[in-house]
Amino acid sequence: MSDTVSFGYQDIAASEKTEKVGQVFASVARSYDIMNDAMSGGMHRVWKDRFVRRVKPRAGESILDMAGGTGDIAFRLAASGASVTVADINPAMLDVGLERAASRGIDGLVWAEANAESLTFPARFFDAYTIAFGIRNVTDIPAALREAHRVLKRGGRFFCLEFSTTLWPGFADLYDAYSHRIVPQIGKLIARDEDSYRYLIESIRRFPDMPRFEAMIRDAGFVNTQVEPMLGGLVAIHSGWKI
């Protein structure tokens with residue numbers, strides 16, 4: 001990994017990114033879910049439903065939902081009867097997820113504070129690994145992908161939901177203007193935090209495009225990789241298998 005990494009449009013020392021990202025999510029944790037609704041007009045719910053349908057969770061399976069703090073993906077996975085571990089590096093996000101689970105009467109989930117780059121789970125432990133809108137905030141993405149491969153059983157499946165770059169002419173320019181000008185203002189109004197949402201938008205722009213990220217997944221050892229773009233690639237579901 002390079003000595004410097006992206007933090008939004010800045011390049012910073014790799015050693016600083018984890019702490020800086022932690023500060024962002026500690027700041028926005030309490031407003032994270034309502035901000036997702038406000039920024040996407042509720043579309044994030046559709047994307048997450050589609051994502052979990054692609055995972056095809058089954059009763060009796062063991063699934064790791066990485067960067068799953070507030071529980072949005074885990075709650076959907078657990079409805080299948082799968083055994084779900086929710087892992088997140090940020091305790092503030094986990095606290096929100098625990099409160100949301102309690103308010104919904106959802107129990108049986110395992111909650112773990114964990115760094116995606118250096119998981120403490122044993123090798124070949126999970127049937128599936130999911131990560132939604134979290135991989136771009138990891139300092140060393142290749143390391144996180146290798147860890148995902150390590151903790152999966154043979155035949156295990158990897159699924160990642162992440163923003164990318166839309167290829168639709170016209171819509172790309174419209175979204176670019178909306179995200180840079182409007183989203184930080186929504187963050188200022190709802191979350192009282194303009195800077196964190198400016199970072200989150202900038203982090204999308206710095207994330208690898210769909211072909212490059214698919215190549216990174218293959219480099220981590222996954223096979224039969226696929227990319228399913230939505231809204232022309234504004235959001236994409238990436239998947240791969242461990243054999």
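Analyst: We begin with a convention: contact means heavy atoms within 4.5 Å. Axes are lines fitted to C-alpha atoms, for helices over the stretch in contact, and angles run from 0 to 180 degrees between N-to-C directions. Helices (H or I, at least four residues) and strands (E, at least two) are DSSP runs, numbered from the N terminus. This is a predicted model, in which local features need pLDDT of at least 70 and side-chain atom pairs count only at pLDDT 80 or more, while totals for chains, interfaces and linings use all residues. Residues are numbered from 1 along each chain as its sequence is written, and side-chain values use heavy atoms, with hydrogens and water left out.

User: Which strands does helix 3 lie across?

Analyst: Helix 3 lies across strand 6 (126-132), strand 7 (152-163), strand 8 and strand 9, and runs at about 165° to strand 7. Helix 9 (residues 210-219) also packs on the sheet, where it touches strand 7, strand 8 and strand 9; its direction makes about 155° with that of strand 8.

User: What is the strand order of the open sheet?

Analyst: Strands of a sheet pair through backbone hydrogen bonds, either parallel or antiparallel. Here, two strands pair if DSSP finds at least two bridges between them. The open sheet has seven strands in the order 5-4-3-6-7-9-8, with mixed pairing. Its edge strands, each pairing on one side only, are strand 5 (110-113) and strand 8 (223-230). Strand 8 pairs with strand 9 (residues 235-241) in the antiparallel sense over six bridges; Gln226 has Ser239 in strand 9 as its bridge partner.

User: Which residues of helix 3 are buried?

Analyst: An α-helix has 3.6 residues a turn, so residues three or four places apart point the same way. Buried means under 20% relative accessible area, exposed over 50%, and partly exposed in between (1.4 Å probe, protein chains only). In helix 3, His44, Trp47, Lys48, Phe51, Val52 and Val55 are buried. Seen down the axis of helix 3, these buried residues fall within an arc of 130°, so they line one face of the helix; the arc is that of the directions from the helix axis to the C-beta atoms. Their cover includes helix 2, helix 4, strand 6, strand 7, strand 8 and strand 9.

User: Which residues of helix 2 are buried?

Analyst: In helix 2 (residues 32-40), the buried residues are Tyr32, Asp33, Met35, Asn36 and Ser40. Down the axis of helix 2 they fall within an arc of 160°, so they line one face of the helix.

User: How many residues does the largest nonpolar core have?

Analyst: In soluble globular proteins, nonpolar side chains tend to be buried together. A nonpolar core is a set of buried Ala, Val, Leu, Ile, Met, Phe, Trp, Tyr and Cys residues joined through side-chain atoms within 4.5 Å. The largest has 47 residues, and those with the most contacts inside it are Phe25, Phe51, Leu161, Tyr197 and Val235. A second, separate core of 26 residues includes Ala87, Phe126, Val138 and Ala144.

User: Which phi does Phe133 have, positive or negative?

Analyst: Most residues other than glycine have a negative phi. Phe133, although not a glycine, has a positive phi of about 55°. Phe133 is in the loop between strand 6 and helix 6 (141-151) and is buried, with a relative accessible area of 10%. Leu231, also not a glycine, has a positive phi of about 50°. Leu231 lies in the loop between strand 8 and strand 9 and is partly exposed, at 28% relative accessible area.
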